Amino acid sequence: MTEPLDGPTVRDVLTRVAPLAGRFHGVGRRVHLVGGVVRDLLIGRPADDLDLTTDARPDETKRLVSGWADDVWSQGERFGTIGCRRGDDVFEITTYRAEDYDPTSRRPVVEFGDTLEGDLVRRDFTINAMALDPLDGSLVDPHGGRGDLAAGILRTPGPPDVSFDDDPLRRLRAARFVARFGLTPDDALLGAMRRHAPRRDIVSAERIHD
């Protein structure tokens, strides 16, 4: 954990998320902003996707947001995700994940986790494996994603072969992040991308197109 993030954009996002976070903290649950929103705040980009991760299970999340949110939806509940809207803000709240993938498809075999650190290590790249506490702005960055952003490096939180074996679409996501943020993939990442090239056949044409 590092010093709190600050700045007008960070303070705006924290102000918008704090009332929701307070509902979780009030019952002893943890909740953090996670993934792309944290990455974008660090590089000064607009943070529109308010994705959060929590140790609350989906049914508890639904109870916590019901009566506070204007709308609640649960299409992603079997994967641990509850969506809600309050005013103009849309939140996607996902229970910590500790999942495996079916090796013949991209379908995850969902298992819920119990720790933030365990959730972060299963994410695709270190730049997306950071979390931000909405109440005090403290950054949780166990895999050095902030330093990788500053250095322009793309790498995975764990062994890249494991990451790409879990989800072969991550090879294409790697190319997209290289192009979008001007990053350089490290040698281990490039080697794993080459070794896992044959597994692209299990990725749907629609996802490749996207």
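Student: In which hairpin does Gly87 take a positive phi?

Tutor: Gly87 belongs to the hairpin of strand 4 and strand 5, which has 2 residues between the strands, and its positive phi is near 60°. Strands (E, at least two residues) and helices (H or I, at least four) are DSSP runs, numbered from the N terminus. Before we go on, note that residues are numbered from 1 along each chain as its sequence is written, and that side-chain values use heavy atoms, with hydrogens and water left out. The model is predicted: local features need pLDDT of at least 70, side-chain atom pairs count only at pLDDT 80 or more, and totals for chains, interfaces and linings use all residues.

Student: How many bridges join strand 4 and strand 5, and in which sense do they pair?

Tutor: Strands of a sheet pair through backbone hydrogen bonds, either parallel or antiparallel. Two strands count as paired if DSSP finds at least two bridges between them. Here strand 4 and strand 5 are antiparallel, with 6 bridges; Gly83, for instance, has Glu92 in strand 5 as its bridge partner. Strand 2 and strand 5, by contrast, run parallel and are joined by 5 bridges, and Thr54 stands opposite Thr95 in strand 5.

Student: In what order do the strands of the sheet lie?

Tutor: The open sheet has 7 strands in the order 3-4-5-2-1-8-9, with mixed pairing. Strand 3 (71-73) and strand 9 (139-140) each have a single partner strand, so one side of each is left without a neighbour in the sheet. The partner strand 4 (residues 81-86) meets strand 3 in the antiparallel sense over 3 bridges, and Asp71 has Arg85 of strand 4 as its bridge partner. Helix 3 packs on this sheet, in contact (heavy atoms within 4.5 Å) with strand 2, strand 3, strand 4 and strand 5. The direction of helix 3 makes about 10° with that of strand 4; axes are lines fitted to C-alpha atoms, for helices over the stretch in contact, and angles run from 0 to 180 degrees between N-to-C directions.

Student: Which residues have the most contacts inside the largest nonpolar core?

Tutor: In soluble globular proteins, nonpolar side chains tend to be buried together. A nonpolar core is a set of buried Ala, Val, Leu, Ile, Met, Phe, Trp, Tyr and Cys residues joined through side-chain atoms within 4.5 Å. Buried means under 20% relative accessible area, exposed over 50%, and partly exposed in between (1.4 Å probe, protein chains only). The largest core has 39 residues, and those with the most contacts inside it are Leu20, Leu33, Leu52, Phe91, Ile93, Leu132 and Leu154. Helix 1 gives the most to this core, with 7 residues. Strand 5 is mostly covered, with 5 of its 7 residues buried.

Student: How many aromatic pairs does the structure hold?

Tutor: Rings of Phe, Tyr and Trp (its six-membered ring) pair if their centres lie within 6.5 Å; planes under 30 degrees apart count as stacked, over 60 as edge-to-face and the rest as tilted. The structure holds 3 such pairs. Trp68 and Phe91 form a tilted one, 5.9 Å centre to centre with 50° between the planes. Trp68 lies in the loop between helix 3 and strand 3, and Phe91 in strand 5, so the pair ties together parts that are 23 residues apart in sequence. Both Trp68 and Phe91 are buried. Phe177 and Phe181 form a stacked pair, 5.8 Å centre to centre with 15° between the planes.
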